[in-house]
Amino acid sequence: MKKYMTAILLIVAIFTTVPLAAQETLKIGALVTISGAGASWGQNMLRAAEMAAEDVNSKGGLKVGDTAYKVEIIPYDDGYKSNEAVTAANRLVFEDKVKYIVGTVGSAPILAIQPITEKNGVITLTLGFTSKALMPEKPFTFRPNLTTGEISQPQIDWIVKSQGLKTVGALFPNDETGQQIAKDVAKAYKKAGAVMTTEFFGRDRVDFIPLLTKLLAAGVDAIELDGNSPVTAGQIVQQARDVGFEGIIIRTGGPATQDIINVAGKAAAEGLFVHSGIDLAIPGVAAYQARYEKTYNAKMNGFSPYFFDGVNMLFKAMQIAGTVEDSAAVRDALAEIKDYPGVLGTLNWTGKEKYGIAHQIDAPFYVARVKDGEEVIVARCNVNVCK
Amino acid sequence: MGFLISQSLVNGIILGTLYLLMSIGFTLVFGIMRVVNFAHGEFYMLGAFAAFFMVTLFQLPYVVALGLSFGGAIFLGAVIERIVFRPFRGDELSGMIASIGLAMILQNLALIAFSPDPMAMPSLASGAFRFGFLIVPKSRLLALGASAGILSLFYLFLMYTRTGRALRALVQDQEIAAAYGVRIELMYPLGFGLGVGLAAIAGAMMAPLFGVSPFIGETPLLKAFIVVILGGLGSIPGAVLASLLLGLIESFTSTFVSASAADIVVFALVVVVLLIRPSGLLGQEDA
């Protein structure tokens, strides 16, 4: 009997260890902002990566060549700060030995970690809006989300024309992201035939009444919120309505509608013009949103599906390249992907003209208006025009 | 121009009063316990969450939520004084470091419990009153009125009750107060509890204005620091003067120059006061 048992155990052991031996772990860093003002963006990026990982893991792992990799997401918080991002990047690259990083959220942090990631051939998928993040000298950086650079001109053309705007006042944070966006957006308004004046403030500010008083006295037709964190944008909307501003409020870039409504309240957010990357008429993204809200019991931010698609494109690139070790081959395969069927619709890479390298996602987007706490699409856009 | 000047004056006074409510508990705790309470902002955050849940989840009236947050915070503060700060009595540096640790623990607990997503605290009032060309947001007027009420009650308590006198005696000289029969074992937890209670009620009051999330405590802590340095650590009239000054400087500089300039002017003033009157505008020399 004992002999018999030993034989069974041996057989069981052989059968269970064989698949395990072929399964290895693929570590992906998530260097995002989980604390402070940008936390809701970072949280959404991290969860997008986790859900993409869960999808492949539940199917027995990511099959690259003959190996099935169990995907493990290693999260780090940068608090939207460059110095903390550098510390985390060093740990990810040199201790955790990752070849792929989802992040960072902020512009300054991505510029700060690129010397480490580019030099060590680590592919980054960043949200950072700065145009300096993508350039031919930085071939390992990709941006899976649209930025102000892609969306502002067509949206602003449409809003200025349809609402008859002449003057626009803008409140932007005084940092790399804010200044970059101010430059882009001011140019776009000028081209559309309106004038935009900007007030800069420190990112931790919570009282905007003095700045809004100034805009009110100047008699602007509209207030532009682009580039503010969702919480700050919500505070500005609420305080603008509190001081009696009755004009139009526009958020050109960066999906933040749900958080703005959360902070400002439904009444103050009514009529807000927002950028939206999501058309819930597309089944893929509606399903993603439902899954997100069910899994995390929280409302999804519009950036999340971009990163879900981005991480899945990265997985596909690994499969095409047939390796997870050679990140240069994965990079080339990722850049070659065309007409990828993501949850957001058909995705391509663009940006050769603007950045000198086609590592910028090209996805459909929309202008929406907030009605009773929900986005209602009022115009459909591509990188050239909104209709 | 007339509009901008008078509007800035109104904005500045409102903002100053809100800052005063944010910082008064901080200055009280320092005055009595000689503890620079770095966890002040986190108690403000907890007060905001307490009011938020009571109003949205349990549908309690706002005033009841304010009262319960205040009472709960006094109790929590007294317990924390007993457990965390009592061993460091008379040891300012260790007390300060303990409070930094406490702040980290509280913020991260809130992060785990409530997630980083901002929550919507329903506004008590929307729109604005217009007096001629002056605009006063209703929500802020309400906060201003309530803050003034709370601060007046607190002032009356400190000035005219036996317990208030005992607390003031402790601020002035602990040994002599003890010699005259002030019961230190009761007054320390009560003083700390009151400081925490004032932070919590400030958070509960500001929640409809500035939103609720685990990170909202940073602003009041920073403002409280500026106020107590300008006004003098432990000096309550100094805190009043400094808060109004801070509100007015922020308002005028932001409107007439720029927001970044406002931060520069405020901190330049802090440096000048530290150089010329290290104990603050109304602080005592030995404070």
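Predicted model: local features only at pLDDT ≥ 70, side-chain atom pairs only at ≥ 80, totals over all residues.
**Stop 1**

Strand β1 (residues 23-32) of chain A and strand β4 (residues 100-103) of chain A run in the parallel sense, paired over 3 bridges. A word of background: strands of a sheet pair through backbone hydrogen bonds, either parallel or antiparallel.

Which strands make up the open sheet in chain A, and in what order? Colour them one by one and you can follow β2-β3-β1-β4-β5-β6, 6 strands with mixed pairing. Next, pick out β2 (62-64) and β6 (141-142) of chain A, which stand at the edges. Each has a single partner strand, so one side of each is left without a neighbour in the sheet.

**Stop 2: a helix across the strands**

Select residues 304-321 of chain A to bring up helix α12. This helix lies across β2, β4 and β5 (123-125) of chain A, and it runs at about 30 degrees to β2(A).

**Stop 3: two packed helices**

Stay in chain A and show helix α3 (residues 82-95) together with helix α4 (residues 107-119). Their axes are 8 Å apart and the angle between them is about 30 degrees. Because angles under 35 degrees count as roughly parallel, α3(A) is roughly parallel to α4(A). The crossing of this pair, α3(A) and α4(A), is right-handed.

From α3(A) come residues including Ala85(A), Val86(A) and Ala89(A), while α4(A) brings Ala112(A), Ile113(A) and Ile116(A), among others. Sorted by class, the contact of α3(A) with α4(A) has 9 nonpolar residues, 3 polar ones and no charged ones.

**Stop 4: over to chain B**

Select chain B, where 11 helices and 2 strands are waiting. Walking along the sequence, you will pass α-α-α-α-β-β-α-α-α-α-α-α-α. The radius of gyration of chain B is 19 Å, close to the 19 Å that the globule rule gives for 287 residues, so chain B is as compact as a globular protein of that length. Its C-alpha trace spans about 60 × 50 × 35 Å along the principal axes.

**Stop 5: where the chains touch**

Finally, show both chains together: 35 residues of chain B are in contact with 35 residues of chain A. Which element gives the largest share of the side of chain B that touches chain A? Select α1(B), which gives 6 residues. By class, this side of chain B has 15 nonpolar, 15 polar and 5 charged residues.

Key. Residues numbered from 1 in each chain as written. Chains lettered and ligands numbered in written order. Axes fitted to C-alpha atoms, helices over the stretch in contact; angles between N-to-C directions. Helix = DSSP H or I, 4+ residues; strand = E, 2+ residues; numbered from the N terminus. Parallel < 35°, antiparallel > 145°, perpendicular 65-115°, else oblique. Left-handed = near helix turned anticlockwise from the far one by under 90°. Contact = placed C-beta atoms within 7 Å. Nonpolar A, V, L, I, M, F, W, Y, C, P; charged D, E, K, R; others polar. Pairing = 2+ DSSP bridges. Rg over C-alpha atoms; globule rule 2.2 N^0.38 Å.
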